[in-house]
Amino acid sequence: MTIAARRSSARYRWQRRARGFGLFVLLLLVLVYTLFPYYWAIVSSLRSGSALFSTSLVPSFDLTHYMALLQDPVFTGSIVNSLIVAGSTTLISLAVAVAAAYALGRLTFGGKKLMLMAILVVSIFPQIAVMSGMFELVRWFGLYNRIGSLILAYLIFTVPFTVWVLTSFMREFPRELEEAAIMDGCSHWRILTRVLLPLMGPALASTGLLAFILAWNEFLFALTFILSDENRTVPVAIGLISGNSRYEYPFGPVMAASIVVTLPLLALVLFFQRRIVSGLTAGAIKG
Amino acid sequence: MTPKPASGSLQRKEVFAAWIFLAPALIALLLVAFWPLARTFYFSFTNATLDDPSIYDFIGWLNFTEIARDAQWWRAVGNTVLFTIVSVVLETLLGLGIALLLNQALPGRGALRAAILIPWSIPVVVSAKIWEWMLHDQFGIINNLLIGLGLVEHGIAWTATPSLVLGVVIFIDVWITTPFMVLLILAGLQTIPEEIHEAALVDGVPSWKRFWSITLPMLRPAIGVAVLFRALDAMRMFDLSYILAGNNERTMTISIYARNQLISFQETGLGSAASTWVFFVIALVAVLIIGALRLDRSTTAGR
Amino acid sequence: MASVSLNQVSKSYGAVDIIRAVDLAIADGEFVVFVGPSGCGKSTLLRLIAGLVPVSSGDISIADEDMTEVPASKRGIAIVFQSYALYPHMTIARNIGFALETSGLGKPEIKAKVTDIARMLKIDHLLGRYPRQLSGGQRQRVAIGRALVRQPKVFLFDEPLSNLDTDLRAEMRVEIARLHEELGTTMVYVTHDQIEAMTLADRIVVLNEGRIEQIGTPQELYRQPANQFVAGFIGSPRMNFVAGALLGEKARGATTLGVRPEAIRLVPAEEAHVSGTLLRLEDLGHEHLAYVEIARDITWTVRLAAHPDRERGAMVGLGWAEEALYRFGTDGRAVA
């Protein structure tokens, strides 16, 4: 009896360890799947000439492509354009969204549900469905082929997103916080700017970063509303890099450009990792 | 005692304040969303062209019927539907698997949780270019690996072989968007109390049944929402196909078709009609999925 | 029916020791309660017995079989959780019968068993409902029913009543006691509530910082606490302490002295062992609590049956029978 139990004990222990080991191997596989492509891009961006075709996994440090990129005014210009567009869109959206989120998250008024629905509906609008109307709008404002057109157009997805996420953050503050402020004689404006806003720093940072990423990565509007190279944003600039001939696509420079425009953003994303995840899921789960 | 002020006035003040606070967002959305959408609907009944959209005639439903007769449109619809179904199914399964893995107490799961954000946060252009390079027929590392393993003799031209290219688009899309699925499903998993798992464990419920009868039903709302978001996104997909294959008929989505009419052929009227189609197709899908979610909620809640 | 024994069981997470070399033997059919302050490891100890958490070292056996590595489902135990842990998407009937679905029993047998148990727990009218449609007390009964249906050898309870209000708590306490009498199954019960511990337990295990401070019947713990921690933990209001030096030769060399509030009487100054200022009186209806400052920053609680008829700020003398005085050495252990 005792011996049988002991033997089965060993089996159970073995089973548990085997399971743990199996899961760990699986985890490594998934890690390789998600990380390897980006790693390979880094490795490739650091190789020039025929070294690019090497299949060695060990990186070398040949900065040729990076130096060339930094001396290319069209590429550096596109980074500046993207920074201006994504930055402005983010700031405008946050300003507009904080006010709206206060109304939607903290105040009671008829039609609130309807407004929330309307904002949610906008977030499922396909970009192509507003394209011809947006084209007309951009021309009316005289923004065609200017980065201002993108700042305007990107509001269609950054505003609903930021309003939605910030509303769900706003709702989480205890009612008492506002009641205390009301007892102190605060107006709604003061409650928002002096009581709630200072508490929302982390929420604003993560929501803003997400909005920034959305704007930074956008392709369709950027491809359509900008004609000349010097006004392009980063994604289109990378998309339009071409080689001397059809058969000689410059993968080295493209990889280098890809790394340059993603590495700073990735650093931020990894730094704000936890908050990003809660911002993303707050928007979706509570919807 | 002074008469009590009507509580209505306080309430009215709050309502007024609410609309003031909402106004900027509402104005922005009316300007950049509802107005352009209405104009798109409007243009779809005209023969306007892009170079001077102020000169046009109303031509009724002609644009819509012309598109409905265009074989290329139906190819685009077919591609989009196929792409949406296959990629969303794969992403959901893979996302569920990775989320379950990440929910285990394992060494290294923090690293994976961070790493998973990378494919999601880099631009689609960059992902497309990276994979294009990795799948390169002569120098791509994937072909090198396959040759090295003796699985193929010559490198496969993944993006240039017509029968493979939609598969490649789906494969890359799965890589890009699975993280989003993982995060949503993981958030759903974390709302299931630990004690529920422990109860099932103590009760001797076998692991497949724990998954099938407890975890999965409790995850259904989270998976439903994630599928909704992803399906709507996949239906309107533009950039990945466009970057990888341009106007290739095999991968043309309805968004690419509509943009071609609108921008490349300068046909504002026709393009608007195609865009309107896209809008209603997506609205239909949204209504169907949301309806299914509602139905699911009301039946499983057992009222 | 089964005994449970722990031999040098330890659990640590990294460098943090949660349970430190615990030895414990629970007899067949015994009702044992784990008590201790929050973070003392009592819930972890329960989970170690259940097999939900693997031990770091030591052995656990149930019914004389080594269970140290055996998974939770094969230990023949059942747990009632603090949050009840009912499956929210299943009816009450399915919740109770779920564990049987994979046991090879047919549907009619499962249904019969579920109905029997539901009747015994007076929840048979709720079988078609969902957990969220039930009150806290009803959910608790379902959780117990789910544990009962598997006819476990050992029943584990993890603070099962802490989410209930006072009335229901008393009712469920009686219910659990009745269950133990009827079934005679070994039960291990974790709580932070002294009343639950004192009323339900055959023996109480007092835990502190992952170690057992004392094991004994409720009366033993109350009358002969092994050390100052147990003396202070068991009994409400808690025992009054004072440094031995303050009482002179009465201390008989003890570092710390203790007297329970209910053992103290108000006495004239000449008979008083100590005296102090009456700071505050609380009238609880059936009794009065007096707070007396016997020295700077040392306030004692005195439990009185009747109003003492003294003003706030008055000097009062406190006296007690010699056998009511507890003495503790430098290491906190009780000394004679």
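Guide: In chain A, the C-alpha centres of domain 1 and domain 2 lie 36 Å apart. Domain 1 of chain A covers 2-53 and domain 2 covers 72-285, bounds that come from an automatic or database domain assignment. Seven residues of domain 1 of chain A and six residues of domain 2 of chain A form the contact, two residues being in contact if their C-beta atoms, placed from the backbone, lie within 7 Å. On the domain 1 side, these residues comprise three nonpolar, three polar and one charged. Here Ala, Val, Leu, Ile, Met, Phe, Trp, Tyr, Cys and Pro count as nonpolar, Asp, Glu, Lys and Arg as charged, and the others, Gly among them, as polar.

This is a predicted model, in which local features need pLDDT of at least 70 and side-chain atom pairs count only at pLDDT 80 or more, while totals for chains, interfaces and linings use all residues. Residues are numbered from 1 along each chain as its sequence is written, and chains are lettered from A and ligands numbered from 1 in the order in which they are written.

Chain B has 13 helices and zero strands; helices (H or I, at least four residues) and strands (E, at least two) are DSSP runs, numbered from the N terminus. The radius of gyration of chain B, taken over C-alpha atoms, is 25 Å, well over the 19 Å that the globule rule (2.2 Å times the number of residues to the power 0.38) gives for 303 residues, so chain B is more spread out than a compact globule. Along the principal axes, its C-alpha atoms fill a box of roughly 85 × 65 × 35 Å. Buried residues account for 44% of the 303 residues in chain B, a residue being buried if 20 or more other C-beta atoms lie within 10 Å of its own. Of the contacts in chain B between residues at least 6 apart in sequence, 71% join residues at least 24 apart.

Chain B also meets chain A: 74 residues of chain B are in contact with 72 residues of chain A. Helix 1 (residues 7-43) of chain B supplies the largest share of the chain B side, 19 residues. By class, that side has 56 nonpolar, eleven polar and seven charged residues.

Chain A is touched by chain C as well. That contact takes six residues from chain C and five residues from chain A, and the chain C side divides into two nonpolar, one polar and three charged.

Definitions and conventions:
A residue is buried if 20 or more other C-beta atoms lie within 10 Å of its own, exposed if 12 or fewer, and partly exposed in between; C-beta atoms are placed from the backbone.
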